[in-house]
Amino acid sequence: MQKSKPEATPSDPHTDTREPTPGRRWWPLLKRLVLALMLAIAVWCIWIDHEVRRDFQALQWALPARLYARPLELYAGAPVNRQTLIDTLQALGYRAGQEVNGPGEYQTLPSRIRLWTRGFEFWDGHEPSLYLNVEFDGDRVRELWGDQNTGSLALVRLEPAEIAQINPSTGEDRLPLRRSEVPQALIDAVIAVEDQRFFSHFGVDPVGIGRALVANLRAGEIVQGGSTLTQQLIKNLYLTREQTLRRKIEEALMALALDFHFSKDEILVAYLNEVFLGQQGNRAIHGFALAAEYYFSRPLEELSLGELATLAGLPRGASYYNPRRYPERATERRNVVLARMRDQGYITPEQYSQASAENLRVTASAPSRGKAYPAFMALVRQDLARDYDSNALQNEGLRIFTTLDLRVQETLDATLEDAVKRVERAAASGDNGHLEAAVVISDPITGEVLGLAGGRQRGYAGFNRALDARRPIGSLAKPAVYLAALESGNYNLASVLSDRPVTIALDGGQEWSPRNYDDERHDDVYLFDALERSMNLATVDLGMQLGVERAADMLQRLGFAREVPHYPSLLLGAVDMAPIEVAQMYQTLAANGFRSPLRSVEAVTTGQGERLERYGIETVQVSDPGAMYLLEYAMQGVFTRGTAKTVANRLDRNLPLAGKTGTTNDLRDSWFAGYGDNLVGVVWLGYDDNRDTGLTGATGALQVWSELMAKLNIQPRLTLPPQNIVWQKVAAKAVTRADQRQCSQTLSLPFRAGQLPTDTVSCEESESFFESLLDRVRRLGR
Amino acid sequence: MIERVCLVLSLSLLSACATYSGRGVPAPVEDRGTGTVVTPAASPRPDAGSSVTRAVENTPEPVRDTRPADETPIVRSPSTVNPAPTEPAPPAMPATASSTLLAGVDAAIAEGDLERAAALCERALRITPRDALLWYRLASVRAQQGRVNEAEGFARRALSFSANDPALTRQINGFLQGL
């Protein structure tokens, strides 16, 4: 550069005499640099634009699976009383009032309850929102009717209660809404308070920013935000909370791109669904629809102006303005929102003064999800695991319709611990550990599990004894032995068994000498009596005649799915089962020999209600109806004459019922399994370390079972005899020699035609063929 | 182009200064409410009064027969219809829960949604579990779906309740033979 100086002579007119300034010489380089920078920025913009478009189009939140209890069905004759309906409505967040103006409201009148259901998208179709009156007749519904247009109603199904959810690993929870589902007042409130120029700016709002800047400069600190809804959405969706300049620029660019490519409505709805509005433990409440349920236990569309304004105030600081923890702050904030709405013309001054005078009306506590029924939920997860991996359950927003009956489960939860305490005290074993419990309650018709307890304590979430504690079942195995015998055709209820001490040679030279529980012997006993009073020696006598294999086979036909050891001790229940496995066996007995797999899930749909999977009733007949009928005669006798007669008084409204006590060696396990027409229940009591409980099946589990079943109003058995059943008289006392038979006292028992009592015990007057013919002719003549 | 980029950059810078106080951060009451007034939207508001004409509750409670008299007709949202696709029952025989569900079963079969038909049968069975006809209905739905084993189970269960209906018993036995 210095060299060129002397070469330039003033004499040359064509030469530019001006010396190039340093700036002029830098200019081309600078130009290139700026160009390159612009190019880089352009590429950056294009990339951001591309990213925003791609991501927003495919915007899909990880949504938790939601689980529902079985819905309450109302129809004439439904076993629902006034209190049950009120409890159910309150659990569903219905609001009681002096009138019924819309969905989610009810009114109690002296003779009936009037309500307006919300309607629900069930897996088997849409249940419409309906106005109706319910009249009761004691513990049942007498009648349902709507109004003059709808008249009498045959069947109405309430919405199902949401009992739990399976959360994504992010902990975020939301109920995505469509634009049409968002109340306009909520949109007005959000716009008024967060971004009043939302519909006119282009993603970022210079006016808003300017105003905020001035306000902030004036205050000397940040007192106001200039972010638009679009920017807030971008921030939540893409970026971290890091507040660097680059982030800010990126955020603004993205907001511009978003606004350019998508409609205001799309952006608004995404914002309403995304925004963080509360925290419950590790569950983050996102979006206004979920916030409505979380704070008010009601759907968004049922909220008042004031309630919507409360929610609209939360994005500014969900924990600071938490209406449960800081009602004053939340009220103040709500009124700011309302004032903005008034000032911007969204609401009238009258609406403002009315809404700002309202109480907050948030519910005292949020409905807890996923903690309420952990034992049942464990069963649900086990059942779902066959078809769904945890990823699908955590992220796809599935709706899972379970078989849980809230009335049953709540009664179980409310009853169990005290009931166990009562028998524990009575046991007086002197131990200081807790007697534990497990309960399974199911529906004998469908095999649906209605309630479950995995421990004695309500809501206990640890070791699930109902599913995982495998313990010897003791005498609960006996019905299988007796059913196999009755079905074989070689035995009837009046078959005479020997209840005498016996020693049985086992493989390997060992011997087995079973004993009765009370160490007594009853010598000759009828088969039905041996089962009713749970005699071990008579059962071994029967089982050894029959063959252990047949008893083992019957256990499996009744529904026990694992291997059964073929030892003689199996006859007395030396087989380990979890309570749920026992429940499966007794389910089959309760269904008169029709086995239906126990189920906890009825159906799975997508979040939009599209059916994915349905688990219907299945049933297979595994035993002869006649043999089942005879077995049930003895199983009912357990309550009237046998080991369960101590609770006959407590259950006098409910009898006849059928069931069986079970006690294991050294009183380690106390069992009772029993059933009526509408419920099957299995109760186990014992210590986790296998200690002596001091309880038999009758003094322990039966007491808990009967208390529970009385509260659940278990329905009597109304088992009709199959056609081949006849009733005949036998001598009251079992004997093995005809010359000892005493027909002065007789019993009337059912028999299958063709398998009548032997002459040794029968007290029927034997009619000759001629006599019976004559008898018929006489009857005809009459 | 340069202008646009500059605009974006400056806006971003500005917005960076006017930081939106994020989630969970306590913020004092703001004051930016003097700006543009937006015309209120014309759409209905949840608190704007219900479209329902309420029934006036007369005391004492009306007798059952006269009860509709105290119910003023109610104007309902269009979605509010009868609970299930009910066949209009003859006035002498009001629809029962079972008959309503059975009508739904027919409708579902007509639509070709056999799984829904089966589900409605099951719902009806929870209400009247000893109804042989319902079990038989379920059996025939399963048979139509080609689920023969299940059909057999349900038909046998139907038989266990059909003793007092010889015609139905014959029909079920015929069905079982046909499987």
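In helix H5 of chain B, the residues B:Glu150, B:Ala151, B:Gly153, B:Phe154, B:Ala155, B:Arg157, B:Ala158 and B:Leu159 are buried; a residue is termed buried if 20 or more other C-beta atoms lie within 10 Å of its own, exposed if 12 or fewer, and partly exposed in between, with C-beta atoms placed from the backbone. The model is predicted: local features need pLDDT of at least 70, and side-chain atom pairs count only at pLDDT 80 or more, whereas totals for chains, interfaces and linings use all residues. Residues are numbered from 1 along each chain as its sequence is written, chains are lettered from A and ligands numbered from 1 in the order in which they are written.

Helix H5 of chain B spans residues 148-159; helices (H or I, at least four residues) and strands (E, at least two) are DSSP runs, numbered from the N terminus. From first to last C-alpha, its 12 residues reach 16 Å, close to the 16 Å expected at 1.5 Å a residue, the expected span being 1.5 Å times one less than the number of residues. The buried residues of H5(B) pack against strands S24 (594-595) and S27 (620-621) of chain A, and against helices H4 (132-144) and H6 (166-178) of chain B. Chain B as a whole has 6 helices and 0 strands, and 27% of its 179 residues are buried.

In chain A, helices H4 (residues 184-194) and H11 (residues 327-343) pack at an angle of about 95 degrees, with their axes 9 Å apart. The two helices are therefore roughly perpendicular to each other, a term that covers angles of 65 to 115 degrees. Their contact involves A:Asp188, A:Ala189, A:Ala192 and A:Val193 of H4(A) and A:Val337, A:Arg340 and A:Met341 of H11(A), where contact requires C-beta atoms, placed from the backbone, within 7 Å.

The largest nonpolar core has 188 residues; such a core is a set of buried Ala, Val, Leu, Ile, Met, Phe, Trp, Tyr and Cys residues joined through C-beta atoms within 7 Å. Its largest share, 10 residues, comes from helix H22 (residues 625-640) of chain A. A:Val439 and A:Leu527 have the most contacts inside this core. Beyond its neighbours within four places in sequence, A:Val439 is in contact with residues including A:Leu412, A:Leu452 and A:Val683.

A:Pro28 is located in helix H2 (residues 22-57) of chain A and is exposed, with 9 other C-beta atoms within 10 Å.

Technical notes: Axes fitted to C-alpha atoms, helices over the stretch in contact; angles between N-to-C directions. Parallel < 35°, antiparallel > 145°, perpendicular 65-115°, else oblique. Contact = placed C-beta atoms within 7 Å.
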